[in-house]
Amino acid sequence: MDETVAEFIKRTILKIPLNELTTILKAWDFLSENQLQTVNFRQRKESVVQHLIHLCEEKRASLNDAALLDIIYTQFHQHQKVWDVFQMSKGPGEDVDLFDMKQFKNSFKKILQRALKNVTVSFRETEENAVWIRIAWGTQYTKPNQYKPTYVVYYSQTPYAFKSSSTLRRNTPLLGQALTIASKHHQIVKMDLRSRYLDSLKAIVFKQYNQTFETHNSTTPLQERSLGLDINMDSRIIHENIVEKERVQRITQETFGDYPQPQLEFAQYKLETKFKSDLNGSILAEREEPLRCLIKFSSPHLLEALKSLAPAGIADAPLSPLLTCIPNKRKNYFKIRDK
Amino acid sequence: MEQANPLRPDGESKGGVLAHLERLENQMSRSRKQSEEPQSVQAQERVLGTKIQKLRHLRDDLKAAVRHRRGSVKACIANVEPNRTVEVNEQEALEEKLENVKAVLQAYHFTGLSGKLTSRGVCVCINTAFEGNLLDSYFVDLVIQKPLRIHHHSVPVFIPLEEIAAKYLQTNIQHFLFSLCEYLNAYSGRKYQADRLQSDFAALLTGPLQRNPLCNLLSFTYKLDPGGQSFPFCARLLYKDLTATLPTDVTVTCQGGEALSTSWEEQRASHETLFCTKPLHQVFASFARREKLDMSLVS
């Protein structure tokens, strides 16, 4: 086994927390059951890793096997990366998409290898019709850097792909080209949507975040929901603003629905608007040029936070459509200009 | 015995006369009393008798009144009871009606297209089926506004919902729904065939089934006699018509590669025709039956 491969596998296994180790190794399916049984996972981590490397050497792990382990690790730790969303489009009057996974993989790999001699491309298919692609980039003269790969998750027969944000921006156009041509599209565009939570991005992009539907079979009518006010409260207590509270609750429910919100960490608004002021003769008001300003809202769970603003009394209901349109418009980066 | 002599000397005669008068008076009052007593008694008797009669009368009246009242109460009860049973019957009838309606609404699922009114429009439910098997359901929640728009839905991403909506939603909603039903039913049917092939006929496949999300490109290798010496066949099925459950293009090749004997060539060509005309799992079912038949002939 190549030293670089051994080192690569070692560093990957070292990243894996001990409690996940057996699960990930089983998903990797490279070491056999018998081999895994010989390992004492209760030892110190360094000893476990040594033993595993030894077993990998026995089985002559290749770079591909190591790359596959890296993909699996990343699949288990998706939140460690920030994901961008790309949308592809076909020309008008295109034929029906007869997606062939083998053809796609071959085509994708060939395009990259033709452009850059040194590149490692690995694939792993998942059950939700997605293929995870790992690309380690080299140049014409240098070997691929296995420690700074780019991941692409492509959902076949859809125009959408998710790419892990990386600092190596120069390869993005080539990657886009490879993806577009291999999937038989014409164009690729980056959407103004970014998050660490791949599942939430998928829910937003595929418009699958609201999956509650009214049917005749549902036993609990959708109208039945607690207004958030404690109905078991003492009847001697009267809410002063109950009418207002109910109005706010109703508007919040209409805007955000009853379903769990997809998880985003921020929303960014770039304003390029002229200064508007009530005071005449203000210096800023006389400027012809628009002011540029950046507003960023951050939260561990932005949409749930926005949903709770009006009921908590911090903001008026209805909220600004700029905030509530995020999942619907599938963007959390906005550029606002004067019309 | 001294004879009462009225002519007796005065003293003796006065005593005699006055006493005599007194005696006569007493006699009279006594006899009057005696004659009066039975009279008063009689009167009293008469009085009491009338009283008794009155009381008896009253008693009879009251008895009659009680009887009458009892009778009328009974009549009332008799009247009321038939009313109550009518109410119970009505309630049962209503419950039965409700169950019927619920059953009818559920039965709408079997028509493939049903809906429920919502506060903003209608939630349409498309129930797909293939060969009499009820498969997945998909929902489209429509907002009835101008323009008509889709609020949210559970249609898979690879079904061209936006295209169909762009063509028909605003102009002809029936066409929109039927077109969407077509696509979804065809997709469900193709998926069902591929799933059945993978689950029921894995023994005849020599490698994994290659499929894509829309199940419109299937590629697999199979052998008619799993343990035997024959060459496996490679089949590639293309479904270019997304509203159909049968392939538009079928290529069957033999992995042997070299020129095949005529019998193999015939088989290959017949398989191609079979895949074009019959659902995938049925073709494999016929392969399995033939295999069983062959086996039974051999043994």
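**Salt bridges and pockets in the predicted model**

In helix α9 of chain A, R247(A) and E244(A) lie 3 residues apart, which means that about one helical turn separates them. The two residues form a salt bridge, with 3.1 Å between the closest N and O atoms. R247(A) is partly exposed, at a relative accessible area of 29%. E244(A) is also partly exposed, at 38%. The model is predicted.

Over all chains, the whole structure holds 22 salt bridges. One of them joins the side chains of R337(A) and E272(A), at 3.4 Å from N to O. This pair connects distant parts of the chain. R337(A) belongs to strand β9 (residues 333–337) of chain A, and E272(A) to strand β7 (residues 266–273) of chain A. The two positions are 65 residues apart. E272(A) has 22% relative accessibility and counts as partly exposed.

Chain B supplies a further example. The side chains of D195(B) and R211(B) meet in a salt bridge with an N to O distance of 3.0 Å. Again the pair links distant parts of the chain, here 16 residues apart. D195(B) sits in helix α3 (residues 173–200) of chain B. R211(B) lies in the loop between α3 and β5 (217–222) of chain B. D195(B) is partly exposed at 30% relative accessibility. R211(B) is partly exposed too, with a relative accessible area of 29%. Elsewhere, D84(A), K190(A) and R194(A) are joined into one network by salt bridges that share partners.

Several elements give two or more residues to the lining of the largest pocket. From chain A these are α9 (242–256), α11 (321–324) and α12 (326–329). From chain B they are β3 (133–143), β4 (149–153) and α2 (161–168). By class, the lining of the largest pocket has 14 nonpolar, 15 polar and 10 charged residues.

The second largest pocket has a volume of about 840 Å³. It is lined by 33 residues. P159(A), V157(B), F158(B), P160(B) and E163(B) lie nearest the centre of the second largest pocket. Two elements, β1 (83–89) of chain A and α2 of chain B, each give two or more residues to this lining. The lining of the second largest pocket divides into 17 nonpolar, 8 polar and 8 charged residues.

Methods: Residues numbered from 1 in each chain as written. Chains lettered and ligands numbered in written order. Predicted model: local features only at pLDDT ≥ 70, side-chain atom pairs only at ≥ 80, totals over all residues. Heavy atoms only, no water. Helix = DSSP H or I, 4+ residues; strand = E, 2+ residues; numbered from the N terminus. Nonpolar A, V, L, I, M, F, W, Y, C, P; charged D, E, K, R; others polar. 1 Å grid on protein atoms, 1.4 Å probe; cavity = no way out; pocket = protein on both sides within 12 Å on 5 of 7 lines; lining within 4 Å. Points joined across faces, edges and corners; volume = space filled by probe spheres on them. Salt bridge = Lys/Arg side-chain N within 4 Å of Asp/Glu carboxyl O. Buried < 20%, exposed > 50% of the residue type's maximum accessible area, 1.4 Å probe, protein only.
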